[in-house]
Amino acid sequence: MKGITVYLIQKTAKLLAQCLGMLVLTSVMLDAVWAHGERSQEPYLRTRTVQYYDVHYDKKAVKVNEEFTLTGRFRLMEDWPDAVSLPETVFLSAYAPGPMITRVESYLNGMPARQSFSKLELGRDYEFKLVMKGRVPGRHHIHPLLSIKGSGPLVGPGQWIEVTGSKADYVQPVSTMNGVEIENLEFYGISRALKWYGVWIALAAFWLLFWLVRPLLLPRWMALQKGREDVLISTRDITVGVILGVVVVAISFGGYIYAKKEYPYVVPLQAGTNKVDPLPKQNGQVEVAVLKANYDVPGRAMHVKARITNHSSEAVSIQEFATANLRFVNQQAPGADSVVSADYPRDLVARGGLGLSDQKPLAAGETRDIQFEASDALWEVERLVSFLTDVDSKFGGLLFFVDKSGKRLISEISGPILPTFTAL
Ligand SMILES: [Cu+2]
């Protein structure tokens with residue numbers, strides 16, 4: 001008997017230890033898993049459409065009602081995939097797992113971005129600014145987001161933002177154009193809307209019940225069979241129907257006249273699109289032509305051989321290769337330590353950096369073939385290797401060059417890529 005008790009205690013302890021182990025493991029894994037599906041987006045969307053760069057989050061933790069700012073730039077790739085709609089209608093916002101934050105202000109190249117923008121230009125850069133505000137407490141993964149009509153949402157690098165406090169304290173005060181102070185836009189007008197729902201539901205319920213209380217389908221069908229249509233609708237039915245019709249029309253018009261009187265100035269929701277010019281082009285570009293590119297599957301490394309021509313007036317060095325928000329920094333470039341700012345999500349920075357066949361700066365006017373290697377498990381972790389099975393096997397990204405004064409030049413790099421399944 002004693003033996004069985006000891007055995008049961010041991011078994012229970014083992015089970016508890018296993019459960020605890022699972023819990024710890026799950027909580028560790030959740031950190032990565034709680035991001036919200038950005039990795040499941042096709043690589044051609046992430047590497048060949050919108051390339052975000054210089055993205056900054058001014059805070060990592062805010063209280064409910066506290067604002068934080070998200071700034072950055074993006075380049076629309078010239079080698080836009082054929083399968084993706086062009087950025088003809090584009091809306092700027094932030095991506096969050098549900099309404100956890102409020103977008104207070106948004107700007108594209110300094111212009112308010114309340115509405116969509118039309119006809120953004122490929123091969124050009126745009127600058128954005130989003131002012132957000134904490135709404136629901138929790139740890140949320142927030143991204144800048146460009147929604148392109150026909151293509152869907154294209155997100156920038158995501159950062160974890162901790163919102164602290166209580167949801168009950170959340171307020172969104174607004175003063176309207178005619179000087180009315182609204183204490184909290186979150187609940188403004190809701191009670192009135194609910195009252196109107198009540199009025200219409202009551203009228204509809206009355207009309208339904210008015211017919212339901214009498215013999216329904218079969219008796220009426222039988223009356224019809226016997227040619228007694230005259231008993232189906234009585235004078236009382238007609239009277240009630242007419243009264244109800246008059247009441248509905250009176251409430252509708254009365255409500256309209258009342259609303260017009262109480263709110264003489266009403267601005268409808270703005271549905272048109274805005275136009276915005278891209279940022280000015282940089283003087284003196286560096287031209288990059290891909291000669292050969294392959295992805296080494298066992299080594300998880302992208303190898304690219306490119307013919308690079310420096311059209312600027314200064315010697316330049318390759319500073320960084322960036323694609324799909326991943327950053328491969330050349331550790332030997334001037335000022336490499338400060339290239340990635342402290343607020344950039346570290347899970348998107350390749351530890352291995354960027355390897356170059358030749359570190360010698362490219363003189364003004366010089367053309368040289370340079371080979372670079374972007375090697376990191378991030379290609380797999382970020383699920384960016386499906387170009388191995390893609391019908392349009394191409395890659396894209398941005399190459400950043402820097403001259404000795406610290407001036408930066410940005411070039412698009414794109415071209416076909418082949419997988420290598422054996423070790424090189
Ligand atoms: Cu995310």
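**Figure 1. Confidence along the chain.** The average pLDDT of the chain is 87, and 91% of the residues reach at least 70. Here pLDDT is the predictor's confidence in each residue, on a scale from 0 to 100. Where pLDDT is low, the predicted coordinates should not be read in detail. This is a predicted model: local features need pLDDT of at least 70, side-chain atom pairs count only at pLDDT 80 or more, and totals for chains, interfaces and linings use all residues. Residue numbers start from 1 along each chain as its sequence is written.

**Figure 2. An open antiparallel sheet.** Five strands line up in the order β1-β3-β8-β5-β6, with antiparallel pairing. Strands are DSSP runs (E, at least two residues), numbered from the N terminus. Two strands pair if DSSP finds at least two bridges between them. β1 (50-57) and β6 (111-112) are the edge strands, and each pairs on one side only. Look at β3 (residues 67-76) and β8 (residues 125-134): 9 bridges join them in the antiparallel sense. Arginine 73 faces glutamate 127 in β8.

**Figure 3. An open sheet with mixed pairing.** This sheet has 5 strands in the order β18-β19-β15-β14-β22, and the pairing is mixed. β14 (residues 286-296) and β22 run parallel, with 3 bridges between them. Asparagine 294 has leucine 418 in β22 as its bridge partner.

**Figure 4. Strand β16 and its two partners.** β16 (residues 316-323) is mostly covered, with 8 of its 8 residues buried. A residue is buried if 20 or more other C-beta atoms, placed from the backbone, lie within 10 Å of its own. β20 (residues 394-403) pairs with β16 in the antiparallel sense over 6 bridges. β17 (residues 326-329) also runs antiparallel to β16, joined by 4 bridges. Glutamate 320 stands opposite phenylalanine 400 in β20 and opposite valine 329 in β17.

**Figure 5. The hairpin turn.** The hairpin of β16 and β17 has 2 residues between the strands. Alanine 324 takes a positive phi there, near 50 degrees.

Methods: A residue is buried if 20 or more other C-beta atoms lie within 10 Å of its own, exposed if 12 or fewer, and partly exposed in between; C-beta atoms are placed from the backbone.
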